[in-house]
Amino acid sequence: MKVQETGIVVSQKKLADGIYSLWVKTEQIAKEAKAGQFVSLYCKDAQRLLPRPISICEINREEGTMRFVYRVAGKGTEEFSGYRTGDAITLLGPLGNGFEKREKSGMLIAGGIGIPPMLQLAKELKETGAEVTAVVGYRDSHTFLADELKKVAKVYIATEDGSVGSRGNVMNAIADHSLSAEVIYACGPKLMLRAIKEFGEKEGVETQISLEEKMACGIGACLACVCKTVEIDDHSQVHNARICKDGPVFEAGKVDLS
Amino acid sequence: MSELNTTVNLAGVELKNPVMEASGTFGSGMEYQEFVDLNKLGAVVTKGVANVPWPGNPTPRIAEVYGGMLNAIGLQNPGIDVFCKRDLPFLQQFDTKVVVNVCGRTTEDYVEVVERLADQPVDLLEINISCPNVKEGGIAFGQDPKAVEAITAAVKKHAKQPIIMKLSPNVTDITEMARAAEAGGADILSLINTITGMKIDIERQTFAIANKTGGMSGPAVKPVAVRMVYQVANAVKIPIIGMGGIRNGEDAMEFILAGATAVSVGTANFFNPRATLECIQGIEDYMRRHQVKDVKELIGIVK
């Protein structure tokens, strides 16, 4: 059940240049959310009227709190970065489908701001007893969330400048360490997802990828955030699926990333 | 004060209140029913539907602008067959009027959809001759008075339900288009569709949306919309559904006082899924505050 409610900021912390961690207490959303879903966050400044879809980084269901780790990408997220403990924030969620957790060895592959949803996923997978490996790619040595991931997964890092781990991207780290798993869960830029989709196909491994696009309603009505599908989609009757409603997580083979 | 009468009449179709939502912002209501009791709305207006499925435009399809947004969805829709099998039976469950927005590339496309809807549980047809985001059809019919009159007459000839012609603000004189639609046999007019706009992403040095241009909507367009509703109300005799930036009852009242018989809530649904209900409540509050028992007494009284 999706709800729009007013949450209260529990804490806000800067993790790296332009990357912030925001914990919010909610009445309902945190209790119902799961890994891979997202939440629409609304600005207080009324000129910025569209909600910002932000992935869920962590959920504490007992305390009814959830964590968003986000990048300041414009004026809206800049506004969020100024929120302090006790501030109110309007949220709509939980939105989207989330990852399908398998009780099999999982490789979580993510780059940049695609990394945050992997933390909750890694925690939930670990609880099932599955073996969890995370391959995370960064620009430089600001490896936000890597230490937290290490508590629940075996972590391999790639950095574009080679300052930490493998030089290059997540695919370089996978090659350097000859990594494999029974299921791949991925989130990150489209180019990266394209490479992961190919890798998954080559390895014959189930691959779930999380996509993003500019959104308006966030609930599947406005048809702004579509992705291309290989087959005709049942809802749209064309080769388009709604990222906010049918995704954001898709079976890699079902979407056309070209 | 005794009970309020919020009913309004659109070409013989009685709405329980003047509030509906604007086509394209609400799907067919399925996604919004978690937030809105559709039985409470005066009508549900569907996303535009064509004779065959349309894929719409490439992404990004939207961009936020100051106090509003641009969209260029490109009328993606599942086509009339699936629409009749899936969306109309869904809407039939509710005690509200059903308005189907019809789009097409050619006159024949519009006529085909209208004929398919003749024996369906549909109360009103809204003919979209004003979408700025498709190359053929849409606005091509809406910017020339002769074309407006011709498409209106062609659709009217085949329509079993009253027709609403949805007008574009992207014209020099909207009253010319309104008169042309009335002359062609339109029963009702709805306005405004979105205003053509553009946003440049200065960092990427390209257009913010893939279609380059998009239709602007949201609170920032409201004064333009109110002005056009006022002008059209004074130019034609048929009723008007007013829309453009409506967020609440106060916004809705501006349109009603300017001459709209009913109003549509569009972009506001995206930032407040319950905006339609708040509009209904706001109109009732206004009526009580001004001691008006019948909302019809307020239509177009600002001259």
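This is a predicted model: local features need pLDDT of at least 70, side-chain atom pairs count only at pLDDT 80 or more; totals for chains, interfaces and linings use all residues.
Residues are numbered from 1 along each chain as its sequence is written, and chains are lettered from A and ligands numbered from 1 in the order in which they are written.

View 1. Helices (H or I, at least four residues) and strands (E, at least two) are DSSP runs, numbered from the N terminus. A residue is buried if 20 or more other C-beta atoms lie within 10 Å of its own, exposed if 12 or fewer, and partly exposed in between, with C-beta atoms placed from the backbone. The buried residues of α6(B) include B:Met253, B:Phe255 and B:Ile256, as well as B:Asp251 and B:Glu254. These buried residues pack against β3 (19-21), α5 (222-233), β15 (240-243), β16 (262-265) and α8 (275-289) of chain B. After the helix comes B:Gly259, with a positive phi near 130°.

**View 2. The packing of α5(B) on α6(B).** Two packed helices are described by the angle between their axes and the distance between the axes. The axes of α5(B) and α6(B) come within 8 Å and cross at roughly 20°; axes are lines fitted to C-alpha atoms, for helices over the stretch in contact, and angles run from 0 to 180 degrees between N-to-C directions. The two helices, α5(B) and α6(B), are therefore roughly parallel to each other, a term for angles under 35 degrees, with those over 145 roughly antiparallel, 65 to 115 roughly perpendicular and the rest oblique. On the α5(B) side, the contact is made by B:Lys222, B:Val226, B:Val229, B:Tyr230 and B:Ala233, and on the α6(B) side by B:Asp251, B:Glu254, B:Phe255 and B:Ala258. Two residues are in contact if their C-beta atoms, placed from the backbone, lie within 7 Å. By class, this contact has 6 nonpolar, no polar and 3 charged residues. Ala, Val, Leu, Ile, Met, Phe, Trp, Tyr, Cys and Pro count as nonpolar, Asp, Glu, Lys and Arg as charged, and the others, Gly among them, as polar.

**View 3. The packing of α3(B) on α4(B).** Helices α3 (residues 145-158) and α4 (residues 174-183) of chain B pack at an angle of about 30°, with their axes 7 Å apart. Helices α3(B) and α4(B) are therefore also described as roughly parallel to each other. From α3(B), B:Pro145, B:Val148, B:Glu149 and B:Thr152 meet B:Glu176, B:Met177, B:Ala180, B:Ala181 and B:Ala183 of α4(B). The residues of this contact divide into 6 nonpolar, 1 polar and 2 charged.

**View 4. The largest nonpolar core.** A nonpolar core is a set of buried Ala, Val, Leu, Ile, Met, Phe, Trp, Tyr and Cys residues joined through C-beta atoms within 7 Å. The largest one has 188 residues, and those with the most contacts inside it are A:Leu108, A:Ala122, B:Leu125, B:Leu189 and B:Val229. Helix α5(B) gives the largest share of this core, 7 residues. Leaving aside neighbours within four places in sequence, A:Ala122 is in contact with A:Leu108, A:Val132, A:Ala134, A:Leu149, A:Val152 and A:Ala153.

**View 5. The side of chain B that touches chain A.** Here 30 residues of chain B are in contact with 25 residues of chain A. Elements β5 (62-65), β6 (68-71) and α7 (268-271) of chain B each give two or more residues to this side. The residues of this side of chain B divide into 16 nonpolar, 10 polar and 4 charged.

**View 6. Backbone details in both chains.** Most residues other than glycine have a negative phi, and most peptide bonds are trans. A cis peptide bond joins A:Gly93 and A:Pro94, with omega about -10°, and A:Pro94 has its place in strand β7 (residues 88-95) of chain A. Another cis peptide bond joins B:Leu191 and B:Ile192, with omega about 10°. A:Leu223 has a positive phi of about 65° and is buried, with 27 other C-beta atoms within 10 Å. B:Gln205 has a positive phi near 50°, and B:Gln205 is exposed, with 7 other C-beta atoms within 10 Å.
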